[in-house]
Amino acid sequence: MPRNPAVVRTVPALRRAVNDLRARKATIALVPTMGALHDGHVSLVRLARRHARRVVVSIFVNPTQFAPTEDFGSYPRTWKADVAKLAAEDVDLIWHPEVKAMYPDGFATRIVPEGPATAGLEDRFRPQFFGGVATVVGKLFTQVRPDVAIFGEKDFQQLRVVSQMAADLDLGVKVIGSRTVRERDGLAMSSRNVYLAPDERRAAPTLHRVMKETAARLRAGEDTATAVAAGAAEITEAGFKLDYLEVRHAATLAPIASLKEGPMRMLVAAKLGSTRLIDNIAV
């Protein structure tokens, strides 16, 4: 029978718990989440366990990364199921703060990232997003003081932003990306997939399929602009409202014209009904 992890909800309690975990100089891995955990999150926890002796998972739906028109109020919250999943993975500690613990009255300091945060991808459609992410992750890193932190590659621009921030601000955290976990039909696992109606769920794997086909055309030598335009047209014809389908440099997220310019990453964002899906693959 798995033992439930310890749960802390205030910063002083977190500091005491982390100090206890540090006994005998144990290394600590942090897995930041917003809850509604699925197998993709479980894979992050398992990777964390391979990199550190102790694992801390944060569950916090961060209001500062949501625009007023987005789904902060309705974002899935599945606390009991989340705890059960983390207990099964032998997680040591869950950091589950209230909003006021993270943003107390008078809170007035925010991180404003540049570089990969201003690449013209997610930031073009969600201008508040990476400032909110950088601020909350910066707080999580200073609160938990982990040796490593694990982030999924599905949110690839976010991974690049957090990695850049940790390096630029000398936070002493090694940020590790974990491969995207997919359903059998190729759809990237996401907490928001529960929003998809049955017909939308059947159509959703189109994004991954089109990206794979487009990547194959690029590797075969087809012109980048031509291949991407054809992929974008196919996604739109399948009923998606496409925000972007882009090929970028995998490290900098700068625009890239061919494989000769460096490692490529293809990134996509599109709405299917009311659900916005994002995904990416290496080219």
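Which residues of helix α1 (residues 11-21) are buried? They are A13, L14, A17, V18 and L21, where buried means under 20% relative accessible area and exposed over 50%, with partly exposed in between (1.4 Å probe, protein chains only). This is a predicted model: local features need pLDDT of at least 70, side-chain atom pairs count only at pLDDT 80 or more, and totals for chains, interfaces and linings use all residues. Residues are numbered from 1 along each chain as its sequence is written, and side-chain values use heavy atoms, with hydrogens and water left out. Helices (H or I, at least four residues) and strands (E, at least two) are DSSP runs, numbered from the N terminus.

**Helix α1**
- The buried residues of α1 are A13, L14, A17, V18 and L21. They cover an arc of only 130° around the axis, which puts them on the same side of α1. The arc is that of the directions from the helix axis to the C-beta atoms.
- R16 and D20 are exposed, on the face of α1 turned away from its buried side.
- The buried residues of α1 pack against β1 (6-8), β2 (28-33), β3 (54-59), β4 (93-95) and α6 (129-144). Contact means heavy atoms within 4.5 Å.

**Helix α9**
- Helix α9 (residues 206-219) has 14 residues and should span 20 Å at 1.5 Å a residue; its end C-alpha atoms are 20 Å apart, which agrees. The expected span is 1.5 Å times one less than the number of residues.
- T206, L207, H208, V210, M211, T214, A215 and L218 are the buried residues of α9.
- Their cover includes α8 (198-203), α10 (224-237), β7 (241-249), β8 (264-272) and β9 (275-282).

**The β7-β8-β9 sheet**
- Three strands form an open sheet in the order β7-β8-β9, with antiparallel pairing. Two strands pair if DSSP finds at least two bridges between them.
- β7 and β9 are the edge strands, each pairing on one side only.
- β8 and β9 pair in the antiparallel sense over eight bridges. R265 stands opposite A282 in β9.
- α9 packs on the sheet, touching β7, β8 and β9, and its direction makes about 30° with that of β9. Axes are lines fitted to C-alpha atoms, for helices over the stretch in contact, and angles run from 0 to 180 degrees between N-to-C directions.

**N193**
- N193 lies in the loop between β6 (174-178) and α8. N193 is buried, with a relative accessible area of 11%.
- N193 touches L187, A188 and L277, not counting residues up to four places away in sequence.
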